[in-house]
Amino acid sequence: MKVLQTAMTTDFFASELMIAGDMPFEKRRDSLLEAARHFLVHHRERCHERHRCGAGGVEVVECVTTMTDALIQNLYQCLIADSDFGRYPCSAVIALGGYGRRELNPLSDIDLMFYCGDRNRDQAERVAERMLYLLWDLGLDVGYSVRTARDCLSLAEQDITIRTSLLDARLLVGDQDLYAEFERQVFQQIIGRNTQAFLKEKFEEHQGRVAKFGSTVYMLEPNLKEGEGGLRDLHTALWMARVKFKAASLRDLIKKGVLSEQELEEFKAAQDYLWRVRNELHYLSKRKNDQLHFDQQEAIAHFLGYRDTRKAQAVEQFMQDYYAQAIRTEHLSTSLINRSWQQTEMSSRIFGYLSRRPAGQDFFVYRGELKSAQKALFEERPEAMMEAFLQAKKQGVCLSVVLKGQIRDNLHLINDSFRRSRKVSEMFLEMLRTPGGISETLQDMHHLRFLNRYIPEFRNIYCKVQHDAYHVYTVDIHSLFAVGEIEKLWQGAYAEEKPLLTKIANDIEKRGLLVLSVLFHDIGKGEGKDHSNKGADMIPKIARRLNLNREDSQRLEFLVRHHLDMAHISQRRDLNDDRLIRDFSQTMGMSENLKMLYLLTFADIKAVGPDVWTEWKGFLLQELYEKTYEVLERGNFMRDARSERVRNRKRKVVDELSEEFGKKPVKDHLRKMGMRYLLSHRSWEITAHVRLELLRGEQTLGIEVNHDIEREYTSLIISTLDVPGLFSMITGVLAANGINILGAQIYTRVNGAALDLLHVNQPHGGIIDDAAKWDRVRAELTAVIEGRTRLADLVKRRKKSSYLTEKKLPRYPNRVEFDNEISAEHTVIDIFAHDKVGLLYYISQTLADLGLYIHVAKISTKVDQVTDTFYVKDIFGLKILEEAKLEEVRSRLLEALEG
């Protein structure tokens with residue numbers, strides 16, 4: 001690297017150095033700036049070329065750092081050569097922070113300190129100012145300070161960030177005697193003073209940063225620097241270790257026995273990997289950037305040589321490797337942080353917390369940790385690894401750092417004999433069936449890669465990424481979080497808001513089997529598409545190893561195979577279709593299967609991401625559960641009682657409304673209603689519908705708005721004339737007013753009236769209780785139906801003020817699918833598309849133009865992707881069966897989606 005600096009100096013700054021003492025700075029500033037600019041362009045391109053040719057992260061970072069060193073060294077020499085400064089250094093120019101550590105990525109910021117004595121401060125400030133403006137004019141992101149020893153110590157006392165940056169100080173150029181003074185008077189104080197306070201503050205800062213940037217490695221768009229498993233984890237571990245053990249460098253930590261040579265190599269490998277990704281991210285972004293956004297993930301994957309395969313996209317393979325490395329980084333950093341940080345405040349709430357107490361045959365609990373006195377325990381008795389997890393769970397403590405290390409070192413002992421051991425599987429199942437700490441224990445197993453060894457199939461989903469905005473976590477972490485949701489039900493966390501789910505969870509006899517179904521529900525995702533069936537096919541082999549009996553094995557396989565059914569049916573199918581409910585109940589076979597599947601579905605949706613579960617989805621799921629449970633428990637009696645139910649409902653409606661409207665008008669109105677409508681709605685609902693229809697009279701439109709605060713939606717009853725394209729008019733007006741439709745049922749009376757029932761909410765969830773907005777909807781819908789307002793103009797108005805984010809997200813091709821089997825009377829159209837303002841309006845308008853009548857609409861949104869389902873008939877009230885007509889519908893819909 002010395003040759004590189006010499007070449008840089010000779011080529012670009014030699015002439016500037018020659019004239020520096022003979023010409024005032026103001027006259028030579030422009031030529032100096034131009035020389036520096038040519039220097040930067042040339043050497044930046046050399047660094048970029050190395051990166052493009054496959055250089056590792058360390059090599060490129062070293063190239064960028066060396067280039068920056070040479071730039072600053074040469075600029076400084078040119079500046080102090082001015083006669084104003086007596087042609088000698090008046091300060092020591094010191095690199096701080098990441099620059100001090102020689103860790104500059106292509107567009108990292110540069111942190112400089114001009115260290116000086118009190119009598120040279122004015123000169124140091126003048127040099128610093130000239131240097132700073134030159135660097136700014138070169139487009140560099142520079143932070144600077146001019147400080148004396150007293151300044152450094154005072155500021156370090158007040159601000160831990162400044163103290164930390166001084167730990168990484170490195171002399172760039174200037175007075176070496178001043179730098180030696182800095183090392184004696186500042187650095188030794190910084191590293192040796194108030195050690196415990198520094199460690200405490202740094203540890204708390206670390207916890208706060210992780211909470212802010214993501215408390216898990218597996219964030220959707222991770223932050224390479226600040227996120228867990230990122231570069232800052234490594235920095236924090238090294239800062240704390242250097243202060244704790246008074247070490248000037250990494251090599252000192254090895255000499256003091258704090259770090260092993262292997263750990264040092266792992267630190268270097270982690271830095272090299274993260275730096276290479278960060279280098280490419282900087283080159284792509286053309287600015288300092290640490291956030292791995294979706295579109296950048298795809299570009300980086302391609303740059304690193306990943307290619308799409310049958311099982312996974314290139315970007316998914318890249319992110320899987322990234323998360324695996326992030327886990328290793330987090331392990332390494334946490335281990336060193338724990339060695340450096342000793343908690344001094346002991347809990348006084350639990351008597352005996354500090355005392356040593358036995359836990360099983362080979363373990364003991366001390367200071368809230370499970371430990372073992374036998375170093376060779378796992379080599380002699382490998383099954384003790386499972387016992388360690390069980391004992392930690394029973395005692396409510398965590399595994400000690402040493403014990404975790406021993407488990408990691410002995411993972412190779414987990415072989416087929418270990419996996420098939422009845423004693424081991426019994427301990428594993430005992431952990432799963434006793435509430436309290438199940439999720440935490442499984443996460444520990446996963447963290448140490450024990451779970452991958454014990455359940456080899458789980459390795460296929462380890463750090464497995466699904467490249468979309470919907471799945472916030474990797475597949476393995478999602479599965480572990482889902483187990484946590486089941487445990488919350490057992491602990492009563494949802495007792496008030498979800499009483500039925502809580503009751504069902506506590507009624508389940510085979511809790512361990514339920515946990516296994518949640519843990520394994522996505523295990524087939526490592527094998528590509530159709531993961532439900534592929535995962536179910538793995539279960540018999542897993543069950544044999546776990547020594548499950550035949551009945552439990554079959555039920556576990558059943559739950560994994562059908563784990564998507566309830567979400568699919570509740571969100572995308574007509575729950576008022578008796579045939580659908582009957583067929584689903586036959587699939588379930590018995591109530592226990594239904595109960596466990598209901599719980600599994602809840603946990604699956606809840607663990608996808610923080611905003612995926614909604615009370616609307618919960619309402620639909622509960623409706624499917626209750627209707628199916630009723631069929632399973634009461635069987636054919638339900639079908640036999642249909643006529644009686646209709647008679648009872650009609651009687652209740654007449655009794656409720658006869659005083660207000662008279663018996664005859666109410667009875668006449670009820671005769672116009674079809675059997676499907678009367679079976680689908682309860683008497684109080686029918687009463688509300690009939691009242692609105694009768695009150696409307698000859699008016700164009702009647703609207704009733706009701707709010708379900710608990711379920712977070714607004715219900716809308718619309719009574720009007722059955723005009724062509726009515727539903728598209730409704731969707732267009734609602735879209736124009738920023739109202740999101742969740743689902744709709746459309747009924748046409750024999751007298752030509754229409755009754756549309758909709759569930760709606762705000763675009764980001766919640767009821768819509770703005771009375772002025774509903775007045776506007778009422779006026780605009782009336783005007784559209786009467787032909788006084790153009791609907792397209794209203795939708796265009798909303799488009800201009802779209803609430804949808806412009807952020808780039810993964811895009812998937814739009815799809816249109818047909819199902820003529822699921823419903824006896826309707827063709828079911830499933831539309832998968834990227835969300836946009838007025839989407840439902842464009843779809844419904846296209847269906848109306850094709851002469852299709854919508855009877856049921858269900859809308860399911862996953863962040864930016866929507867699945868819209870429509871139950872339709874043609875103009876003659878028949879299904880669409882002709883292939884040519886189906887293709888026409890598909891083509892027209894796709895055209896509308898792309899438009």
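Of the 899 residues in this protein, 55% count as buried, meaning under 20% relative accessible area with a 1.4 Å probe and protein chains only. What you are looking at is a predicted model, in which local features need pLDDT of at least 70, side-chain atom pairs count only at pLDDT 80 or more, and totals for chains, interfaces and linings use all residues. Residues are numbered from 1 along each chain as its sequence is written, and side-chain values use heavy atoms, with hydrogens and water left out.

Let's start with the overall build. The protein has 40 helices and 16 strands, taken as DSSP runs (H or I of at least four residues for helices, E of at least two for strands) and numbered from the N terminus. Its C-alpha trace spans about 110 × 75 × 50 Å along the principal axes. Among contacts (heavy atoms within 4.5 Å) between residues at least 6 apart in sequence, 71% join residues at least 24 apart.

Now step inside. The largest nonpolar core has 99 residues, and those with the most contacts inside it are Leu-370, Phe-428, Leu-442, Phe-450 and Phe-520. Helix H29, residues 591-606, gives the most to this core, with nine residues. Such a core is a set of buried Ala, Val, Leu, Ile, Met, Phe, Trp, Tyr and Cys residues joined through side-chain atoms within 4.5 Å.

Leaving aside neighbours within four places in sequence, Phe-450 is in contact with Met-385, Met-386, Phe-389, Ile-407, Leu-411, Ile-414, Phe-418 and Met-445. Apart from this core lies another, of 66 residues, including Phe-187, Leu-199, Leu-292 and Trp-341.

Key
Buried means under 20% relative accessible area, exposed over 50%, partly exposed in between (1.4 Å probe, protein chains only).
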